[in-house]
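This briefing goes through one protein chain by topic. Please look over the sequence and the structure before reading on.

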Amino acid sequence: YKTLIATLVFIFSSSLAESTVLKYVQNNDKQNYQSALLKLALEMTSKTDGPFILKPQSQEMSHARMLLYLEEGTRINISHLAASKDREDRFLSIKIPILRGLLGYRVLMINEKNKDNFASIQSLEQLKTKFVAGFGTHWADMSILNDNNIPVIGSTNYNTLFTMLSRNRFDYFPRGVNEGWRELDAREASHPNLIIDKNIALYYPYPVYFYVNKKNIALADRIERGLNIALKNGKFKKLFFKYHKNSIDKLKLNTRKLFTLKNSFLPDDTPIVDTSWWLGNFPEN
């Protein structure tokens, strides 16, 4: 009888348990994988840590504003961000790379008229001296391109970059393996002259982590435990390939020249990302 009472009290208490509320920015389908992975991590810990509620914030806000909200712990309490010294200082990171290194491998979106010019590139120096990149001025890896002396034209508007490339305002737009083909598909009607170059890939170390407010240690701990459980039972890997296999297959890395850039903006203790799930061997230049 006492055992029954204790069980009923536990069930009743659990039903009243306060849900973990996750507030994050999601304005388009680009974040679907990250949202699905976050949900998976929380599901893996629901028995031990209780229920959760996902609250994607769809209102338009600048990246700087989102980071400010995350720092304040108000309207946003979690985000996925590429690692940097500044972000490690401002936020608390869960050091499990959620994209397995994909974002650091860049293919070049180009104007179809220039495909022969890019097919003839043999070295990083040739790329630097003859061609100009386009990139978002507010993106963290803009500093990486500048630090590697890559000529680059910036824009604060993401969609404008595709129009600029289409009109030959610059020569190429470096895109993550998880980004380029999806972006082309979405703009097939508006920018049919854009393609992905088949000759080159850029690489710089660029792990992406979940970040939370510095004070939200309990949330960081829960997500880390959930991700580790999903790594062990294979659900993390299954979800990763559900969203990225098509892009990885299209990449054909073993046929490309790889040009490596340095990333001076990572903390010295940043762990090396395990890319063994998807990365094959291909020539490095």
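In this predicted model, helix 2 and helix 11 are roughly perpendicular to each other, because their axes cross at roughly 95° and angles of 65 to 115 degrees count as roughly perpendicular. Helix 2 covers residues 32-44 and helix 11 covers residues 217-233, and their axes come within 7 Å.

**Contact of helix 2 with helix 11**
- Two packed helices are described by the angle between their axes and the distance between the axes.
- Helix 2 makes the contact through Leu37, Leu38, Leu40, Ala41, Leu42 and Met44.
- On the side of helix 11, the contact is made by Arg222, Ile223, Gly226, Leu227, Ile229, Ala230 and Asn233.
- By type, the residues of this contact are ten nonpolar, two polar and one charged.

**Nonpolar cores**
- The largest nonpolar core has 71 residues.
- Those with the most contacts inside this core are Leu37, Leu127, Tyr172, Phe173, Phe210, Leu227 and Trp278.
- Helix 2 gives the most to this core, with seven residues.
- Another core, of 13 residues, lies apart from the largest one and has Leu70, Phe91, Tyr209 and Leu266 among its members.
- With neighbours within four places in sequence left aside, leucine 227 is in contact with Leu37, Ala41, Ile94, Ile96, Phe210 and Phe236.

**Glutamine 57**
- Glutamine 57 lies in strand 2, which covers residues 52-57.
- Its relative accessibility is 16%, so glutamine 57 counts as buried, the cut-off being under 20%.
- A polar atom of the glutamine 57 side chain lies 2.7 Å from the backbone oxygen of lysine 55.
- Not counting residues up to four places away in sequence, glutamine 57 touches Lys23, Tyr24, Val25, Gln26, Asn27, Arg75 and Ile76.

**Two residues with positive phi**
- Most residues other than glycine have a negative phi.
- Arginine 100 is not a glycine, yet has a positive phi of about 55°.
- Arginine 100 lies in the loop between strand 4 (92-94) and strand 5 (105-111).
- Arginine 100 counts as buried because its relative accessibility is 7%.
- Asparagine 149, also a residue other than glycine, has a positive phi near 60°.
- The loop that holds asparagine 149 runs between helix 8 (142-147) and strand 7 (152-155).
- Asparagine 149 has a relative accessible area of 58% and is therefore exposed, since exposed means over 50%.

**Isoleucine 217**
- Isoleucine 217 is found in helix 11.
- With a relative accessible area of 58%, isoleucine 217 is exposed.
- Isoleucine 217 and leucine 92 are 125 residues apart in sequence, while their C-alpha atoms are 7.7 Å apart in space.

**The chain as a whole**
- The secondary structure comes to twelve helices and eleven strands.
- Taken along the principal axes, the box filled by the C-alpha atoms is roughly 80 × 40 × 35 Å.
- The chain has 285 residues, and buried residues make up 48% of them.
- Of the contacts between residues at least 6 apart in sequence, 79% join residues at least 24 apart.

Definitions and conventions: Residues numbered from 1 in each chain as written. Predicted model: local features only at pLDDT ≥ 70, side-chain atom pairs only at ≥ 80, totals over all residues. Heavy atoms only, no water. Axes fitted to C-alpha atoms, helices over the stretch in contact; angles between N-to-C directions. Helix = DSSP H or I, 4+ residues; strand = E, 2+ residues; numbered from the N terminus. Parallel < 35°, antiparallel > 145°, perpendicular 65-115°, else oblique. Contact = heavy atoms within 4.5 Å. Nonpolar A, V, L, I, M, F, W, Y, C, P; charged D, E, K, R; others polar. Buried < 20%, exposed > 50% of the residue type's maximum accessible area, 1.4 Å probe, protein only. Polar contact = N/O pair within 3.5 Å; in protein donor to acceptor, adjacent residues only side chain to side chain. Core = buried A, V, L, I, M, F, W, Y, C linked by side-chain atoms within 4.5 Å.
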